[in-house]
Amino acid sequence: MQDGRAPRIKNRAPAAIQITAEQLLREAQERQETAFRAPKQRVEDFEELNEYRGRKRKEFEERIRRTRGSIKEWLQYANWEASQNEFARSRSVYERALDVDPRSIQLWLSYTEMELKSRNVQHARNLYDRAVTLLPRVDQLWYKYVYLEELLQNVSGARQVFERWMQWEPDDKAWQAYIKLEERYNELDRASAIYERWIAVRPEPRVWVKWGKFEEDRLRVDKAREVFQTALEFYGDDEEQIEKAQAVFSAFAKMETRLKEYDRARVIYQFALSRIPRSKSAGLYASYTKFEKQHGTRTTLESTVLGKRRIQYEEELSHDGRNYDVWFDYSRLEEGALQDLRTEGGSAEEEETAVGRVREVYERAVAQVPPGNEKRHWRRYIFLWLDYALFEEIETKDYDRTRQIYQTALNIVPHKVFTFAKLWLMFARFEVRRLQLPAARKILGAAIGMCPKEALFKGYIELEIELREFDRARQLYQKYLEFDPANSPAWIKFAELESQLQDFARTRAIFELAVSQSPLSMPELLWKAYIDFEVEEGERDAARALYNRLIELSGHVKVWISYALFEAEPMPLPRAMREEEEEEEDEDAEQRVVAGDADLARRVFQRGYDDLKSKGLKHERVVLLEVWKTFEETHGSEEDVKKVAAMMPIVGKKRYVDQETGQTVEDHDLIFADDERENNPKTFQFLKMAHAWAEAKKSGGGGSSVLSGFTAAQSASQDADAKSDVASSHGGDD
């Protein structure tokens, strides 16, 4: 403890007797010393009383002399004199204090309170009169003065005090207190006159509303209407003034609603809403909507809801004018209103007004051109033009305006940077619907010449095919393929067109030209379409030649599988033979087909397996063998299935040294029986003998071993070699 550190506590175990917090607080309270109390003095006679008063006055005078500006000391002195019933001396002290600080509100209030406690009412009146004369802006003094006069049943005196007060144009609470005074004594005409004077001093909407409500409560409806009409005339037709007077309009309409004058209320609401901006009249619109829900018809309610939603959209657009989603919703709202108006049989003038409102929304929307030349900013915007054009074409039947809209939209888009095929195509379709085919072709031709695009070619070709202009479609396909010769779907569509036109020579020429293109997008689709075409025509040799060409190009496992399955599947007769049979037989006869050759399919599987084996593609070989096995289960015998199953690999482990780390890595590997026979003949022979020993030990049991594939591999390889010799003697796989 001497060096200022905390004492070291040796025993941290809890004490045997625990002390609660309540005990600690009680002990602290008991040990507190009692506060000093001054002894009580008893006054036995007047001499002692006078001595006591003299001593206290001397103390007060000394304190006042030291702190003359302290109102607290003056108040204590004056209140002490009043407690001794020395009211004259108390008044003297108060007057001396008022000489020091005549604007102290606390001093005036304490002075008057002292007079009232001593029942000196006239003195209190005089004091209040002096106070309000000296401090006319202190409302508390006026309220005390008025309360005193009314308490003494001097209503005329209270009214005079209020009149003096009103000359100073106090706040609204003072006017309201004056009106309540007159109401308490049923002087309603006087109260109405006070409202009129109040309006003259402070012509605010809430004052007009209170006056109108007052007149309504006293059942003077004509006077209440006159008040509201006077208020509306006072505010005039200025937009800012009408906006301030929304409370007056709302109160006026609610009064008419309470009087069940619904037409009057509706006219008031509509008059106000037609002159106040939509973005600033949300509260009034809410009141109008509630009114229509309670007392309006379905038509008026829908129009009110439309107005409310218009305000919401306008507010959102004021924050972000390029929020195209809001523009879409806004335009749909106006178009829906137009449709409802037509359904309900509106007048021509109302319909024209609704159409104008829709056009106004669209014109404002398309004026919000996206900034910059990035297409992602234009995607939503361009649909505004398309919706605008469709509205003019379908709803208003104004075709010249529709054509002008399309033309304006095309002029706005920067076609050298990007374009929108949908815009060109819809413009052309519009001209087709107007039977202006040259104009439509001119539009699409200009689009292809200015900004060629795949969608434009497709749309133009589709249009010409629908018009049965096949020569034009061929020319367009030629232009299309000159623009993008690597587009496989375009070549396929061109060939399909020629096939549908029964020009098979042109179809084959197109396919041949297509497959000769060096860079191709998705060439597998093109080859598949070419092969499917030959299969449909019944040309198996041509299809087989295509498969062989495709294998030379790719050699993919899927090509081998498709080739093998193609050889086994039946296919229709050649077209010439089919046409001859159709002429001889009736239409209900079944179409003849040429059966497939399972042996050729097996040869293709074997060729594919050998090719993948030579390339070292083990996983692809497994895929081929699985398909081959499924094929043999359907088309082959049990021996064929066992043969293919014997060629399936087993999963082994392979160890090799990683070149980067230098560590021995163990990995799973697929081990094929034929690979093992060729690469490790001694090991293969040992495994075969081991399996034979295992079989002999089982004495012909039905159990199978993992090495069964190796025992059958030799016989399978011998059979395969014999078959290959036979095939070579017959001239190959063809």
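## Close-up views of a predicted model

**View 1. Helix α10 and its length.** Helix α10 covers residues 188-201, and at 1.5 Å a residue its 14 residues should span 20 Å; the C-alpha atoms at its ends lie 20 Å apart, which agrees. Buried along α10 are Ala191, Ser192, Ile194, Tyr195, Trp198 and Ile199. Looking down the axis of α10, these buried residues fall within an arc of 155°, so they line one face of the helix. Asp189 and Ala200, on the other side of α10, are exposed. The cover over the buried residues of α10 includes α9 (172-184), α11 (205-217) and α12 (221-235).

**View 2. Helix α21, inside and out.** For α21 (residues 399-412), 14 residues at 1.5 Å each should span 20 Å, and the end C-alpha atoms are 20 Å apart, in agreement. Which residues of α21 are buried? They are Thr402, Ile405, Tyr406, Ala409 and Leu410. Down the axis of α21 the buried residues fall within an arc of 130°, so they line one face of the helix. An α-helix has 3.6 residues a turn, so residues three or four places apart point the same way. Turned away from the buried side of α21 is a face that carries the exposed residues Asp400, Gln404 and Asn411. Among the elements covering the buried residues of α21 are α20 (375-396) and α22 (421-433).

**View 3. Leucine 423 in the largest nonpolar core.** This core has 105 residues, and the ones that touch the most other members are Trp327, Leu384, Leu423, Leu526 and Leu624. Zoom in on leucine 423: leaving out residues up to four places away in sequence, it touches Ile382, Leu386, Tyr406, Ala409, Leu410 and Val413.

**View 4. Arginine 57, a charged side chain under cover.** Arginine 57 sits in helix α2, which runs over residues 46-66. Is arginine 57 buried or exposed? Its relative accessibility is 15%, under the 20% cut-off, so arginine 57 counts as buried. Beyond its neighbours within four places in sequence, arginine 57 is in contact with Tyr77, Trp80, Glu81, Glu86 and Arg89.

**View 5. Leucine 573 in a loop.** Leucine 573 lies in the loop between β1 (571-572) and α31 (575-584). With a relative accessibility of 6%, leucine 573 counts as buried. Valine 593 is 20 residues from leucine 573 in sequence, yet the C-alpha atoms of the two are 5.5 Å apart in space.

**View 6. The whole chain, and where to be careful.** Stepping back, the protein chain contains 37 helices and four strands. Of its 734 residues, 38% count as buried. Among contacts with a separation of 6 or more, 50% are between residues 24 or more positions apart. The accessible surface of the chain is about 44,400 Å², and carbon and sulfur atoms account for 50% of that. How confident is the predictor, or what is the mean pLDDT of the chain? The mean is 80, and 87% of the residues reach 70 or more. Over residues 701-734, however, pLDDT stays under 50, and the model has 33 contacts beyond four places in sequence for that stretch.

Definitions and conventions:
Residues are numbered from 1 along each chain as its sequence is written. Side-chain values use heavy atoms; hydrogens and water are left out. A nonpolar core is a set of buried Ala, Val, Leu, Ile, Met, Phe, Trp, Tyr and Cys residues joined through side-chain atoms within 4.5 Å. Buried means under 20% relative accessible area, exposed over 50%, partly exposed in between (1.4 Å probe, protein chains only). Contact means heavy atoms within 4.5 Å. Helices (H or I, at least four residues) and strands (E, at least two) are DSSP runs, numbered from the N terminus. The expected span of a helix is 1.5 Å times one less than its number of residues. The arc is that of the directions from the helix axis to the C-beta atoms. Accessible areas come from the Shrake-Rupley method with a 1.4 Å probe; for residues, only the protein chains shown count as cover. pLDDT is the predictor's confidence in each residue, from 0 to 100.
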